[in-house]
Structure formats: C-alpha cells, structure tokens
Amino acid sequence: MKKTAKPYPMYSAYMGYGFAVFFMSATVNFLVGKEPGEEASQVEALEASFGTIYKTIALLFESVTGGRDWGELSAPMKNIHEVYYVVFALYVVFVTLGVLNIVTGFFVDGAIQSKSDAREEFVAAAASRKAIATELLRDIFTHMDTDCSGTLSYDELEAHLHSGEVLRVFAALEFELTDAAELFEHLDYMGTGEVGIDAFTNTLMRIVCGGKNHLEIWSLLGQSQRLNAAIVQLSEQVTDLVAHVKRRTPDGDCLTEDAALICI
C-alpha cells in the first residue's frame, strides 16, 4: 500500500511567508515614524531588502540556502532592534535544522517507497510469470494424456516430448528434454510407469526456478523413495512368509530357520 505524501514543502513555504510578513511589518512600522531624508542610508537598506513581500521572501531564501551570509542580510533588522535580529537567527536555525531536514526526509522517504514499490512489482511480476508458465505446462501435459487418466505415462511423454510446442516452452524455461525424462523416472519411484500431471508440473517448475541443483535433489529423493518402497515391499513379503510358515507348522509352534526352509 502506498503512503500518502505529506506536504512538507508547502509547510516550509507557509512558514517562510509568515516570517516575511513579520519582517516587512517591522520595516513598515519603522519607516512610518521617519521624516523624509532622516536616516537615509538605513531607510534605503530596509527598502532594498524588506521593501516588498517578494524581496523579503527572496532574502529569507538566500539566508537559509547559502546564497548570502545571513548575518549580513539581517543587519538592517538588527539596526531597528536586537529583537528582530534574534527572530531572524531563530528563523535560520529552525529552517536549517528543522524544515530542511524534514524536506530531505520527505524526498528520502519517497525514494525508499519507490524502491519498495519497484520490489513489490518485481515480485508480483515474477509470481505472475511463474503462474502462467505453470498453467501452460499443465495444459501441455494434459494434452499429452491421451487416455484422459489424469496421469502421464512414459510412453505418452516420449510420444509428445519432441513436438514443436514442447520444444519452444522448454527452451523458454531453459529446461532440457533429457531432464524431463530423468524427472519422470525419479517421480515414478513405485515403478508404475505413470506420474500425476500436477505432481510432474509442479516439480518441473520447482526445478526451473531452483536450477540444476533441484534436479539433483529430486534425483536423491526419488532414489530414497524407491528404496523405501522396496523396503516396504520386502517387509510385506517377509510378513507373508512368516504367516505361511506358521500355517504349515503343527499347533503354531515356531520353527527354526532350517526347519522353515525345509517346510517351504
């Protein structure tokens, strides 16, 4: 969610305008009580620096941006009264240390927010591309399922693996045809010759996103699952063998290993 930009530059402009009005009012009040020709140099300096709102705002801007030294610019105000000089100094300190830092923070925050938005857009675009590629692969493998069994056999995969559409999609995903056949063998750890379309699609996309290392991991996982299935099958055979031997034994007595082999 994007943050609402705060009008910090506008606050700074309002504050500058308020101080400009204050200093111009001080100038006007000072000049009202003067006779023509009285303190001509001071009057001329005040009119040149604080004679209009535009001149006053420009002078204040120069004082906080390094255009001119603020001590020099505040001299006409100091000649009127020390209080105006102190107010001018407070304005410089406040704007330099306060408002300008806030404005700088505003632009920095905007840059950070823009970077965050770009990161979110990149992640969203990547997720969208992945979803599109996944659906495209699922449609291709579903089309390969000629018997509409919901699973993909090795013969069906082999028959369509070199078609133009499959070659183009695999080239775009930088996935080798030989890797597809190898992945099928790893997923078919039960040796049924068939693999679920969703399982094949999702696993292939994980490998595409993760690189060759993921294919090696799935190879090890497939070997582990194949070994586990063999152990389960062997365990079932041993259980059946023991039950068979017990049925052949009078009164269910246990036999020695040699007797069991003879009985069989």
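This is a predicted model: local features need pLDDT of at least 70, side-chain atom pairs count only at pLDDT 80 or more; totals for chains, interfaces and linings use all residues.
Visitor: OK, on to the inside. Which residues have the most contacts inside the largest nonpolar core?

Guide: The general idea goes like this: in soluble globular proteins, nonpolar side chains tend to be buried together. Here, the largest nonpolar core has 24 residues, and L137, F141, F170, F200 and L204 have the most contacts inside it. At least two residues of this core come from each of α6, α8 (164-173), α9 and α10 (197-210). Apart from it lies another core, of 19 residues, with A26, F50, Y84 and V92 among them.

Visitor: Take F141, then. What does it touch, not counting residues up to four places away in sequence?

Guide: F141 touches L152, F170, I197, F200, T201 and L204 on that count.

Visitor: Is helix α9 mostly covered or mostly open, and which of its residues are buried?

Guide: Mostly covered. The helix runs over residues 177-187, and eight of its eleven residues are buried.

Visitor: How about M144: buried or exposed?

Guide: Its relative accessibility is 1%, so M144 counts as buried. You'll find M144 in helix α6, which covers residues 82-144.

Visitor: Which residues is M144 in contact with, leaving aside its neighbours within four places in sequence?

Guide: L152, E156, L157, H160 and V166. Look at H160 in particular: H160 and M144 are 16 residues apart along the chain, yet their C-alpha atoms are separated by 6.5 Å.

Visitor: Now the outside. Which residues form a nonpolar patch on the surface?

Guide: Y17, V21 and I57 do, and together they have about 240 Å² of accessible area. I57 sits in helix α3, residues 53-65.

Visitor: Why is I57 called partly exposed?

Guide: Because its relative accessible area is 34%, and that label covers values between 20% and 50%.

Technical notes: Residues are numbered from 1 along each chain as its sequence is written. Side-chain values use heavy atoms; hydrogens and water are left out. Helices (H or I, at least four residues) and strands (E, at least two) are DSSP runs, numbered from the N terminus. Buried means under 20% relative accessible area, exposed over 50%, partly exposed in between (1.4 Å probe, protein chains only). Contact means heavy atoms within 4.5 Å. Patches are made of residues with over 30% relative accessible area and no salt bridge: like charges are joined within 9 Å, nonpolar side chains (Val, Leu, Ile, Met, Phe, Trp, Tyr) within 5 Å. Accessible areas come from the Shrake-Rupley method with a 1.4 Å probe; for residues, only the protein chains shown count as cover. A salt bridge is a side-chain nitrogen of Lys or Arg within 4 Å of a carboxyl oxygen of Asp or Glu. A nonpolar core is a set of buried Ala, Val, Leu, Ile, Met, Phe, Trp, Tyr and Cys residues joined through side-chain atoms within 4.5 Å.
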